[in-house]
Amino acid sequence: MQDTITSVINPADEKGTYLEGGELDKLKQYFQTGTLRVKAAEQIGSSAASIISDTVAKSLLYGDITLPGGNMYPTRRYAACLRDLTYFLRYATYAMLAADASILDERVLNGLKDTYSSLGVPVERTVQAVQAMKEVVTQRVGAEAGQEMDVYLDHIVNGLS
Amino acid sequence: MSIVAKVIAQSDRAERFLSGAELTQLQDFFNGGTTRISAAQKLAANQQKIVDEGSKRFWAQCPNTPSNSGDPQKTSLCQRDQGWYIRLVSYCVLAGNSKPLEDIGLDGMRDMYVSLRVPLPNLKLAMRCLKEVAMGLLSSEEAALAGPYFDQLVRAF
């Protein structure tokens, strides 16, 4: 995977140059936001299950999707939905820490759309759930870190749509 | 690869969020950010000086070596390589991880220098001299961050 640090080091090495000017500024900014990122990752990691419960309650529950014939019925598929939402949250948190979306592409989004379409998972409802996750996460971590998480959760939305 | 990518890969393999210890490790890394940047800037600004001064010290202890053989091309190529290693150390300081040095400059390094007929023990001494000069130019905080990568470089030879 790539992270924001390697994303500036690798091209500099290709040219045989030190990091300078804009590249160092980019790292400086990243280092300065480090505490915000670490704190958010801590909050998200320690309450992931509850974030997922709230997300599902906000977006998916009490609709056709959990009834017989719906894609979250029977319980096996309900659990699979929880598992996938937890993946989204975990990988978005990794990407937020790295300040780089590439891990989402590599580990989550690559082939996901095809997999979902072959399994009959409704993309529209998945997107609704991720949108709800953005709100729930922001409530937990605050506006500033929430904005940063939005970047990567939106990346998932874009990858699905 | 940076320390950030490393702990993420570690967590991903275990399919979990980052552990408390990993988060602390990252927090420490970010706390040193300003020092990391100033150390990397000093290494960049002083590369030539470190190489020139390091070579003097090296030749004083080891006069019979390709870079001191009177062939200007050999001298300039050896010194160019030494400059590259200083650059790789600066990458490591910024990445908080020795992978840039290992992946770019150490993997295959022995085979290359053996084939070039550059004696490894001489290079080891040369690298030690680079370290000495570089450490003298950095603050103690900066030196504490860069020193271990220079040590790893010396050990690799």
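This is a predicted model: local features need pLDDT of at least 70, side-chain atom pairs count only at pLDDT 80 or more; totals for chains, interfaces and linings use all residues.
Reader: Where is the place of Met72(A), and which residues does Met72(A) touch?

Author: Helices (H or I, at least four residues) and strands (E, at least two) are DSSP runs, numbered from the N terminus. Met72(A) sits in the loop between helix H4 (48–59) and H5 of chain A. For touching, the rule is heavy atoms within 4.5 Å. Leaving out residues up to four places away in sequence, Met72(A) touches Val56(A), Leu60(A), Ile65(A), Thr66(A), Arg77(A), Tyr78(A) and Cys81(A). From C-alpha to C-alpha, Met72(A) and Leu61(A) are 9.4 Å apart, and 11 residues separate them in sequence.

Reader: Let me try a residue in a helix. Which residues is Ser55(B) in contact with?

Author: Ser55(B) belongs to helix H4 (residues 47–61) of chain B. Its relative accessibility is 2%, so Ser55(B) counts as buried. Setting aside neighbours within four places in sequence, Ser55(B) contacts Gln79(B) and Gln82(B).

Reader: Now I'd like the whole chain. How many helices and strands does chain B have?

Author: Chain B has nine helices and zero strands. The C-alpha trace of chain B spans about 60 × 35 × 20 Å along its principal axes. Of its 157 residues, 53% count as buried. Take the contacts in chain B between residues at least 6 apart in sequence: 70% of them join residues at least 24 apart.

Reader: What does chain B divide into?

Author: Domain bounds come from an automatic or database domain assignment. Here they give domain 1 (1–31) and domain 2 (33–156) of chain B. The C-alpha centres of these two domains lie 29 Å apart. Their contact takes seven residues from domain 1 and eight residues from domain 2.

Reader: How do I read two helices that pack together, such as H8(B) and H9(B)?

Author: Angles under 35 degrees count as roughly parallel, over 145 as roughly antiparallel, 65 to 115 as roughly perpendicular and the rest as oblique. The axes of H8 (residues 120–137) and H9 (residues 140–156) of chain B come within 9 Å and cross at roughly 175°. H8(B) and H9(B) are therefore roughly antiparallel.

Reader: And how do the residues of that contact divide?

Author: Ala, Val, Leu, Ile, Met, Phe, Trp, Tyr, Cys and Pro count as nonpolar, Asp, Glu, Lys and Arg as charged, and the others, Gly among them, as polar. The contact of H8(B) with H9(B) has eight nonpolar, one polar and five charged residues.

Reader: At what angle do H3(A) and H2(B) pack?

Author: Helix H3 (residues 34–46) of chain A and helix H2 (residues 20–31) of chain B pack at about 170°, with axes 9 Å apart. That makes H3(A) roughly antiparallel to H2(B). The residues in contact include Val38(A) and Ala41(A) from H3(A), and Leu26(B) and Phe30(B) from H2(B). This contact divides into five nonpolar, four polar and one charged.

Reader: Last one: which residues touch the most other members of the largest nonpolar core?

Author: In soluble globular proteins, nonpolar side chains tend to be buried together. A nonpolar core is a set of buried Ala, Val, Leu, Ile, Met, Phe, Trp, Tyr and Cys residues joined through side-chain atoms within 4.5 Å. In the largest core, of 98 residues, Leu89(A), Val4(B) and Tyr85(B) touch the most other members. H5(A) gives this core its largest share, 11 residues. Domain 1 and domain 2 of chain B both give residues to this core, so it lies between them. Among the residues that Leu89(A) touches are Ile44(A), Met149(A) and Phe17(B). There is also a second, separate core of five residues, including Phe58(B) and Cys62(B).

Definitions and conventions
Residues are numbered from 1 along each chain as its sequence is written. Chains are lettered from A and ligands numbered from 1 in the order in which they are written. Side-chain values use heavy atoms; hydrogens and water are left out. Axes are lines fitted to C-alpha atoms, for helices over the stretch in contact, and angles run from 0 to 180 degrees between N-to-C directions. Buried means under 20% relative accessible area, exposed over 50%, partly exposed in between (1.4 Å probe, protein chains only).
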